[in-house]
Amino acid sequence: MLFPTVQFAIFFPIVLAISWWLMPKPKAWKPFILFASYVFYASAGWRFIFLLAAVTVANQLAAVMVHRADTERRRKLIVTIAVGFDLGLLGIFKYYSFFVQQWADALGSLGLSPGLPLLTIALPVGISFFTFQAISYVVDVKRGHVEPASSIDFAVYLSFFPHLIAGPIVRAREFLPQLKRPRDPNRVAVSSGLALVAFGLVKKVVIADYLARELVEPVFAVPHAYGAPDVILAAYGFAAEIYCDFSGYTDIAIGLALLLGYVFPQNFRSPYRSTGFRDFWRRWHMTLSRFLRDDLYIPLGGNRKGRLMTYRNLMITMVLGGLWHGAAWTFVLWGTFNGLGLVAEHAWGGRVALPGWLRWFVTFNLIVFGWVLFRAQSLADFGALMSRLTVFTAPTLWTIPVLAMIVLVVGLQLLPPDWVERLQVRIESARPLLLGVGLAVVIAFVAATVPSQGVPPFIYFRF
Amino acid sequence: MAEPREDNYMNRFDRAGLRRFRAREGVIAIAVAAIILILTAGPSIRKAGEEMNPGIGRDIVLGVGRPSTWVARKLPFVGISTAATSWLNPEPNLSGPGGFANPKTLAASGAVPPVTPAAFEPATLGEAEPARVPLHTLLVTGDSMSEPLDNDLAEVLIPKGVHVIQEPHIGTGISTTFVVNWGTLSAHQVKSDHPEAIVVFIGANDGFPMTGPEGKEVACCSSSWAAIYADRVRQIMNTYRQDGVAHVYWLTLPAPRDPERRKIARVVNAAITVAAQPWVSQVQIIDTVPIFTPGFEYRDSMTVKGKPTLVRQADGIHLNEAGSSLLAGTVLQAIGRNYTY
């Protein structure tokens, strides 16, 4: 069930109404919201609810055992087993086919058989997100940041439908305290929620899907059909598309959570105004960045073990971060590229004084280059795209709506943050009834732009 | 440009002086939005339900959509809303000729259809193949099965100067006309693009009940259903072949993993083969079954160029890049028998 669908438009108002009716009675509300979340998840494939349930039970068990363990060694062992279980599931469902195919190719070239069945395995939606949240919970318990939650609280935390499919990756210590206190029905961020849902719909359906349809998909599907001007525009177009697609999803997720009375962490903060790679990763998919930082980079040693180890840790973190996005060499290279960017910044940071606009210009264009790697369907396609940069033909996809959307998406992020936030706050301060009418008008206009095949899934649903 | 504070992710709303309201106002606001949408777009809810696969989700959406449609049609708001937003519709206007003829009309014509020379492959008569002609325009179309085959064909043919039109219509089917009526769509494609060669790969979403000659709904997958399906396919093939000017390359479905879908795919394939019979020299069936799923048994991988290779996507329906690339080679061979490029 995608957010921008009729099914969800029927599902959510019912859940919202019952949720607020039950909110004063947490003993009834929690099973209800858990049931609603499982129904939401089952709509993508009912078999996978058993997987979600298994991850919930295993990690809750681990958290309780970690809390009760009397030695650090035992705690470490339990966490290792729990994290191994989560990563093992992720590995089987997400990476098995990829690695077995690479293995078969490598052995095949030596005339050997791979010895493992070459199978495709259906990827459960959202597995990358809920396994990371489960890991973050067990690790937080081990570090003493949170007490083990009750089983029902943990199950709600892991499966809460606004963030179940594609994040944001909410930390246990951000969500569980909210669950402990029943939400106050007289203090709900109704207008913010409604406004965010409307913003998200416009970003996703009007901007991201339009850019994908009219510019990005044609060029990335058949690079040979286009010359340098179209390939370059498609690269900038994809930068705008992926931002609007993912931040649009996040806006809707945060908005829905607000309407239900919960606050999620932010996931984006004008990423295209970054003046360096480190800055970019503090603004783009912020909840993944901090997960990688806290649960991978720092445990690896962070920057505490000398320059070379810092570089190594950065590279490991970013390569694995790239691989997290999908089982393909393009993602590995994209992670490597970002890792190299961070290493270069560490190595030369502060030694070369560049004006702010130049740092922005260089960073932005390098990030866009990275997106080409990310979006290319294969390394061969990436090579084809690069080779087309030397072919100068007349542009065929440079239309005013496409150009206007790219300029708008990037330009708005370059405005002083206060301006945008002030405008947003102003909209969010309107009366809920007015915003309800506004939301209906937005949905009506947004729906009119949807082609016959419907709204394409969010890009991050695949991850 | 100021650096954002790193761990300050949770308080953006309170920092900005968030205005809070009563939950009841939120529920009322959402209810108002829902009522406005029912009044202005009620029939769309029903249409969305009709496009869904049978199941509880469809029943629920139709349960809301039917009364919404009834209410919306009593009031003038649907027309106003359509007039205000129709300019945003990205789809081409498909009004015009085409559409599927009623099976009853086809059956009632009475006359025995004449056999034409197009029903014979020259080779089976011992005749020489007609001379190949240059290919200028190729249309690759179908449902999601036609992706990424369309890209693979385009990658080969575009550098050789062929105009390749890629037109997948995801989520569509020949047995359902809710999203797209392939009878109308094929007529529109021919009229607007005049392709000389057409590659069609469709059927993954099929299996919907269709109206039979008696006016009753016929459920998949009886011989009656197969006959109605074949009638529709034949109409589309006839449109694409453009009175023998064009060649059509219609691909059968490789067996899907899911046994229920496999039943449908088997019937779809049988119907496609029957449908092409009047024009076998112009409508060529490219059978994917022996390539990917011999004996109609599903498999994820096969040997390609001496190496074990995954050829299916994880959904057990579609071909992956490697499978599609392999299939593209077969399709190009078939096209190469009629055209130079």
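This is a predicted model: local features need pLDDT of at least 70, side-chain atom pairs count only at pLDDT 80 or more; totals for chains, interfaces and linings use all residues.
Me: How many residues does helix 5 of chain A have, and what should they span?

Reply: Take 1.5 Å a residue. Helix 5 of chain A, residues 127-143, has 17 residues, so the helix should span 24 Å. Its end C-alpha atoms are 24 Å apart, which agrees.

Me: Is helix 5 of chain A mostly covered or mostly exposed?

Reply: Count close neighbours: a residue is buried if 20 or more other C-beta atoms lie within 10 Å of its own. In helix 5 of chain A, 16 of the 17 residues are buried, so the helix is mostly covered.

Me: What comes just after helix 5 of chain A?

Reply: A:Gly144 does, with a positive phi of about 80°.

Me: At what angle do helix 9 of chain A and helix 2 of chain B pack?

Reply: Angles under 35 degrees count as roughly parallel. Helix 9 (residues 190-221) of chain A and helix 2 (residues 23-51) of chain B pack at about 30°, their axes 9 Å apart. That makes the two helices roughly parallel.

Me: Which residues meet there?

Reply: From chain A come A:Val190, A:Gly193 and A:Leu194; from chain B, B:Glu25, B:Gly26 and B:Ala29. Three are nonpolar, two polar and one charged.

Me: Which residues touch the most other members of the largest nonpolar core?

Reply: That core has 217 residues. A:Val138, A:Tyr157, A:Leu211, B:Leu138, B:Leu153 and B:Met237 touch the most other members. Helix 10 (residues 228-259) of chain A gives the most to this core, 20 residues. Apart from this core lies another, of seven residues, including A:Phe277 and A:Trp281.

Technical notes
Residues are numbered from 1 along each chain as its sequence is written. Chains are lettered from A and ligands numbered from 1 in the order in which they are written. Helices (H or I, at least four residues) and strands (E, at least two) are DSSP runs, numbered from the N terminus. The expected span of a helix is 1.5 Å times one less than its number of residues. A residue is buried if 20 or more other C-beta atoms lie within 10 Å of its own, exposed if 12 or fewer, and partly exposed in between; C-beta atoms are placed from the backbone. Axes are lines fitted to C-alpha atoms, for helices over the stretch in contact, and angles run from 0 to 180 degrees between N-to-C directions. Angles under 35 degrees count as roughly parallel, over 145 as roughly antiparallel, 65 to 115 as roughly perpendicular and the rest as oblique. Two residues are in contact if their C-beta atoms, placed from the backbone, lie within 7 Å. Ala, Val, Leu, Ile, Met, Phe, Trp, Tyr, Cys and Pro count as nonpolar, Asp, Glu, Lys and Arg as charged, and the others, Gly among them, as polar. A nonpolar core is a set of buried Ala, Val, Leu, Ile, Met, Phe, Trp, Tyr and Cys residues joined through C-beta atoms within 7 Å.
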